[in-house]
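Dear colleague,

I am passing on a structure for you to look through before we discuss it. Please open it first, and then read the notes that follow.

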Amino acid sequence: MQLSARTRRKVVPATANGGDSADKLDQLLLSSAICNGEDLGPFVRKAFASGKPETLLQHLRQFSRSKESEIEEVCKAHYQDFILAVDDLRSLLSDVDSLKSALSDSNSKLQSVAGPLLASLDSYVEAQTISKNIDLALKSIVSCVKLMELCSRANHHLSNNNFYMALKCTDALESEFSDKTPSSTLKRMLEKKTPSIRSYIERKVNKEFGDWLVEIRVVSRNLGQLAIGQASSARQREEDLRIKQRQAEEQSRLSLRDCVYALQEEDDDENGLSNGVESDSNGGAGLLGFDLTPLYRAYHIHQTLGLEDRFKQYYFENRKLQLTSDFQVSSMTPFLESHQTFFAQIAGFFIVEDRILRTGGGLISKIEVENLWDAAVSKMCSVLEDQFSRMQTANHLLLIKDYVSLLGVTLRRYGYPIDALLDVLSKHRDKYHELLLSDCRKQISEALAADKFEQMLMKKEYEYSMNVLSFQIQTSDIVPAFPYVAPFSSTVPDCCRIVRSFIEDSVSFMSYGGHLEFFDVVKKYLDRLLGEVLDEALLKLINSSVHGVSQAMQVAANMAVLERACDFFFRHAAQLSGIPLRMAERSRRQFPLTKARDAAEEMLSGLLKNKVDGFMSLIENVNWMADEPLQNGNEYVNEVIIYLETLVSTAQQILPAQVLRRVLQDVLSHISETIVGAVYGDSVKRFNINAIMGIDVDIRLLESFADNLAPLFTDGDANQLKTALAESRQLVNLLLSNHPENFLNPVIRERSYNALDHRKVVTISEKLRDPSDRLFGTFGSRGAKQNPKKKSLDALIKRLRDVS
């Protein structure tokens, strides 16, 4: 060790004296390099370069000889120690031999003694190893048995389609036995089969879910139809209740019974919709097979598989595609035939989604359902706008509107907003009523064209109820004997049915449309129907189809009945609109068929005047210069009275007193004007007082005729009949008066002669003062005493001429 240490010590060459030679320096450097273990290459190259390799060899030999002497010195220094160490080793060797012999003897003894024990120990160790192996084998067997039991259980659940329990078993196998399975075969089986089982379960539940998606479309359509049908039934029950209530109110109003009405509805199953549509709150099958079990099962399985979000997205996309498919409107089928299926499908879809939202455990969110509903409302509004714009039949529009309103009522129960749908319906209100008015115009025209202008015969009570009582146009609460001849023709109940149908259709369209008060709208269109359609149709009928007195009389009678019917129409509209009758009465206006009524009465009066003119032509036979007055009236007046009496006997059977009074008043006024016109006309050149007295008898006969009609009218109406003869009566009174100049007195004239025209009075008075008349034949006799009446009459004529 010391030697090696010395050899490894770095040798630094001594500094050469200034007088040392170069060879000595080279030798020192070479020695230093060898001692330090440096590379001698430079020295070799230098020696060969200088051409002195011998010098290098010489230096090397000198270095070798110097080292040999050092070695000898070292060996000499340590030789004594080495000899001592050898001696010690030799003595130690002998001791080791002795020890070895002792150890050999001890080993022999130990071997002889420990041999049996070692054999026993080997047996024990072997037995212990076997025991441990057996314990390990038992544990492995138990573990494998448990594993196999779980596998068997998983297979059983799979065979029974109990996928959730199969997955739980698979999860248990994976968590408990995946890393602890002693059998590599079983471990490989688990690693291979576990993903396969999960994949199989996922495919199975996806297939069931796909089948459910197909089935739920059919179920949704039936579900929507059932739900809308339930809403329709509920609406019908409400309508029936309202009808009974209106009947009770009407009976109470008419005081038909002194009793209190208590309307009771049988307790129908108000929860029929819930029982039929939502019969199983856990998503089971309802009356229509509304079964959500496959859906919830698939959702639960995907939750167990850790694929919840993916299934939610998959479900939403598929349902969105189904809804988009439901939006398709077939161009091959008229929308009127397919609209119920179209809306029922959408209604069923959202009933299902509402259930899933409430019971699906977060399968679909409220926002997603609202987005689907917004898309559905937008599409339905678009479809309705398009279809309504094409429809030209009011009934078709009403059918679709009713179904849409039922759809709205149904889905509103589930919290879906339907304002946009109601806005679309309201937007087409005017178009519907225009189409309805057009339909009614055609129906009324057909009804009027079919009228035979004959009184309607009713043989049975139900006919009376259907044609009279149902429109409240009876004049008495007493049911007549049958057969019963009504004062109106068949066109009256026909038109009443058309108008009533119009009211009911209008109310039906306006009802359930989001507007609680719509009577003003219904009344506006009812006014148009009566004032524009019915009134104009009746005017056209009167002007084109009425050619005889009997026809004109029948039309006038019909107008009187229609006037009562109009009161019923407005009450009926108010009742259907749900407003009190007193409010409807306040908003009533005048009779809407005034033009037709006036035209009918004018037509009847005109025809009667024509008839009367035929008899009045006999006035030409009057002797205007009679020697004495007639006591029984002229021929013409007797003929006129006979005709009028015959007319009244017939007319009072069908014409109301007011109508008859107005017609007779017009006819009598015409007769009066004809009498005055005859006296005033050019055909009568002169007349005497006897002729005027005869005319006075004629007027008295006409006045007597008017007085005889008093029982048919009120006192005021009877007096108005006599006033129709005022012009002729005042003229005769003036001509027979002893002081005709009183006509010039404004007070007397206003009281007694207000119907006379002063121009006619002048002309007629001049005819009375004709010189050939003996009463005024002394105009040319001077100095004779003048008749005071003649004097008064002359003064009257002079003054009236001055005024003219």
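By class, the residues that line the second largest cavity are seven nonpolar, one polar and none charged. This is a predicted model, in which local features need pLDDT of at least 70 and side-chain atom pairs count only at pLDDT 80 or more, whereas totals for chains, interfaces and linings use all residues. Residues are numbered from 1 along each chain as its sequence is written, and side-chain values use heavy atoms, with hydrogens and water left out.

A cavity here is a set of points, on a 1 Å grid over the protein atoms alone, where a 1.4 Å probe fits but cannot get out, and its lining residues have an atom within 4 Å of a point. Volume is the space filled by probe spheres set on the points, which are joined across faces, edges and corners. For the classes, Ala, Val, Leu, Ile, Met, Phe, Trp, Tyr, Cys and Pro are nonpolar, Asp, Glu, Lys and Arg are charged, and the others, Gly among them, are polar.

The second largest cavity has a volume of about 30 Å³, and its lining is made by Ile675, Val679, Ile692, Ile695, Ser728, Leu731, Val732 and Leu735. At least two lining residues come from each of helix 22 (657-680), helix 23 (689-708) and helix 25, and helix 25 gives the most, with four. Eight of the 11 residues of helix 25 (residues 726-736) are buried, so this helix is largely enclosed by the rest of the structure; buried means under 20% relative accessible area, exposed over 50%, and partly exposed in between (1.4 Å probe, protein chains only).

Around the largest cavity stand Leu448, Asp451, Thr491, Val492, Cys495, Leu538, Leu541, Val555, Asn558, Met559 and Leu562. Helix 16, helix 17 and helix 18 (549-577) are the elements that give two or more residues to this lining, and helix 18 gives the most, with four. By class, the lining of the largest cavity has eight nonpolar, two polar and one charged residues.

The structure holds 23 salt bridges, each being a side-chain nitrogen of Lys or Arg within 4 Å of a carboxyl oxygen of Asp or Glu. One of them joins the side chains of Glu434 and Arg528 at 2.6 Å, N to O. Because Glu434 lies in helix 14 (residues 429-449) and Arg528 in helix 17 (residues 519-545), this pair ties together parts that are 94 residues apart in sequence. Both partners are partly exposed, Glu434 with a relative accessible area of 37% and Arg528 with 24%.

Other salt bridges lie within a single helix. Asp494 and Arg497 have their closest N and O atoms 3.2 Å apart, and they are three residues apart in helix 16 (residues 491-510), separated by about one helical turn. Lys312 and Glu308 meet at 3.4 Å, N to O, and lie four residues apart in helix 9 (residues 308-326), again about one turn. An α-helix has 3.6 residues a turn, so residues three or four places apart point the same way.

Finally, some backbone angles deserve a look, since most residues other than glycine have a negative phi, and most peptide bonds are trans. A cis peptide bond, with omega about 5 degrees, joins Phe482 and Pro483, and Pro483 is placed in the loop between helix 15 (461-467) and strand 2 (484-485). Gln472, in the loop between helix 15 and strand 2, has a positive phi of about 55 degrees although it is not a glycine, and at 21% relative accessibility Gln472 is partly exposed. Phe453 likewise has a positive phi, near 55 degrees, and lies in the loop between helix 14 and strand 1 (457-458), where Phe453 is buried, with a relative accessible area of 12%.

With best wishes

Notes. 1 Å grid on protein atoms, 1.4 Å probe; cavity = no way out; pocket = protein on both sides within 12 Å on 5 of 7 lines; lining within 4 Å.
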